[in-house]
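Subject: Structure for your review

Hello,

Here is the structure we talked about. My notes on its side-chain contacts follow below.

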Amino acid sequence: EAWGIDQPEMEVMCATNSFVATALGVSKAGATPVLVEADERTYNISPDAILKAITPNTKAIALTHLYGQPADMDAIRNIAKTHNLKVFEDAAQAHLATYKGQPCGGIGDAAGFSFYPTKNLGAYGDGGAITTNDKDLAAKLKKLRSYGSTVKYHHELLGTNSRLDELQAAFLTEKLKKLDGLTETRRQLANIYFNELNDIDGIILPFVPEWANPVWHVFAIRVLDGQRENLMKYFDEKKIGYNVHYPVPIHLQECYKSLGYKEGDFPIAEQSAKELLSLPLDAYHTAEEILFVTNALKEFFKAEQVEYVEKYAAKN
């Protein structure tokens with residue numbers, strides 16, 4: 001909206017496998033989200049898919065650094081420059097993540113951060129922030145967040161009440177001082193997963209490009225051969241927490257039925273939605289807790305292998 005991308009004929013690209021909030025932001029501004037496919041390895045928005053979906057009405061790319069993994073920013077910025085598009089980073093999961101040494105949230109034209117309590121930098125209630133190096137955009141955003149006003153009782157824009165309250169700001173200021181250490185802990189725990197699970201045939205571990213330094217807001221594995229539901233039941237028995245990010249791609253959500261997408265339009269996003277499983281990973285976990293999860297995974301797939309061999313032997 002602050003960019004004037006606020007009419008239905010104006011299109012903004014979003015990855016269909018991200019959380020619905022990215023697309024909802026486009027819709028709330030009055031523009032139309034155009035959903036595109038994910039990269040098969042990183043699950044971030046695919047630059048090739050962006051290129052295929054560009055039309056004369058395309059005005060911006062709203063990418064998500066999904067799970068705290070940086071998107072391919074050079075490729076995306078090159079596309080944006082060629083086609084005169086704005087680049088908005090949804091960095092809600094990517095506090096302190098870097099792309100080629102550059103911090104996520106400072107690479108595009110503007111970025112949004114979430115301070116929801118479960119985020120890497122979380123408040124004790126809802127909150128968020130926008131970053132940009134565009135002074136004019138920043139000035140307009142400040143008006144929009146406070147009833148469209150900079151002078152009390154004088155309203156220049158149709159704004160809203162979207163200010164971060166002082167109590168949340170105080171909490172976040174203190175937590176920010178610890179964010180470096182908490183992020184390093186997340187990375188150390190993620191390394192345990194990589195080291196312990198790299199020889200299990202039934203899963204695919206996250207792929208990290210050489211230019212990325214993720215922050216592991218989510219550690220999502222692919223569970224192959226239709227075994228995700230069985231593994232989830234096994235985790236329930238072991239009292240191990242897990243999550244699915246996200247079970248229904250945006251193009252199949254009821255609220256976006258009017259966009260005209262159908263099942264089968266985005267096979268990578270749809271298949272990953274059926275297979276991805278988020279393992280426990282938080283800066284407050286211990287190494288012993290993560291090892292408990294890895295041992296449970298090893299036990300599960302060992303049992304599955306034994307069952308397969310026994311069934312094969314019975315048939316022959």
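Y124 is exposed, at a relative accessible area of 57%. Please keep in mind that this is a predicted model. Y124 sits in the loop between β7 (110-114) and β8 (128-131). Together with L167 and F171, Y124 makes up a nonpolar surface patch of about 330 Å².

Cysteines

How many disulfides does the structure hold? The count is zero. A disulfide is a covalent bond between the sulfur atoms of two cysteines. For C14, the closest cysteine sulfur is that of C255, and because the two are 12 Å apart, they are too far from each other for a bond. The cut-off used for a disulfide is 2.5 Å between the sulfur atoms. C14 is buried, with 0% relative accessible area, whereas C255 is exposed at 52%.

Salt bridges

Side chains of opposite charge can pair when their charged atoms come close. There are nine salt bridges in the structure. One of them joins D74 and K100, with 2.6 Å between the closest N and O atoms. D74 belongs to helix α3 (residues 73-83) and K100 to the loop between β5 (98-99) and β6 (102-103), so this pair ties together parts that are 26 residues apart in sequence. Both ends are partly exposed: D74 has a relative accessibility of 23% and K100 one of 47%.

K143 and E156 also meet in a salt bridge, at 2.8 Å from N to O. Here K143 lies in helix α4 (residues 135-144) and E156 in the loop between β10 (154-155) and α5 (166-176), so the pair ties together parts 13 residues apart in sequence.

A further salt bridge links E174 to K177, the closest N and O atoms being 3.0 Å apart. E174 is partly exposed at 45% relative accessibility, while K177 is exposed at 60%. Salt bridges with shared partners also join D74, R77 and K100 into one network.

Aromatic side chains

The structure holds 11 aromatic pairs. Among them is the edge-to-face pair of F300 and F301, whose ring centres are 5.0 Å apart with 90° between the planes. F300 and F301 are both buried. Elsewhere, ring pairs connect Y193, F194, W216 and F219 into a cluster. One ring also has a charge over it: the charged end of R41 sits over the ring of F207, at 4.0 Å from its centre.

Regards

Technical notes
Residues are numbered from 1 along each chain as its sequence is written. This is a predicted model: local features need pLDDT of at least 70, side-chain atom pairs count only at pLDDT 80 or more; totals for chains, interfaces and linings use all residues. Side-chain values use heavy atoms; hydrogens and water are left out. Patches are made of residues with over 30% relative accessible area and no salt bridge: like charges are joined within 9 Å, nonpolar side chains (Val, Leu, Ile, Met, Phe, Trp, Tyr) within 5 Å. Accessible areas come from the Shrake-Rupley method with a 1.4 Å probe; for residues, only the protein chains shown count as cover. A salt bridge is a side-chain nitrogen of Lys or Arg within 4 Å of a carboxyl oxygen of Asp or Glu. Helices (H or I, at least four residues) and strands (E, at least two) are DSSP runs, numbered from the N terminus. Buried means under 20% relative accessible area, exposed over 50%, partly exposed in between (1.4 Å probe, protein chains only). Rings of Phe, Tyr and Trp (its six-membered ring) pair if their centres lie within 6.5 Å; planes under 30 degrees apart count as stacked, over 60 as edge-to-face and the rest as tilted. A charge sits over a ring if NZ of Lys or CZ of Arg is within 6 Å of the ring centre and within 35 degrees of the ring normal.
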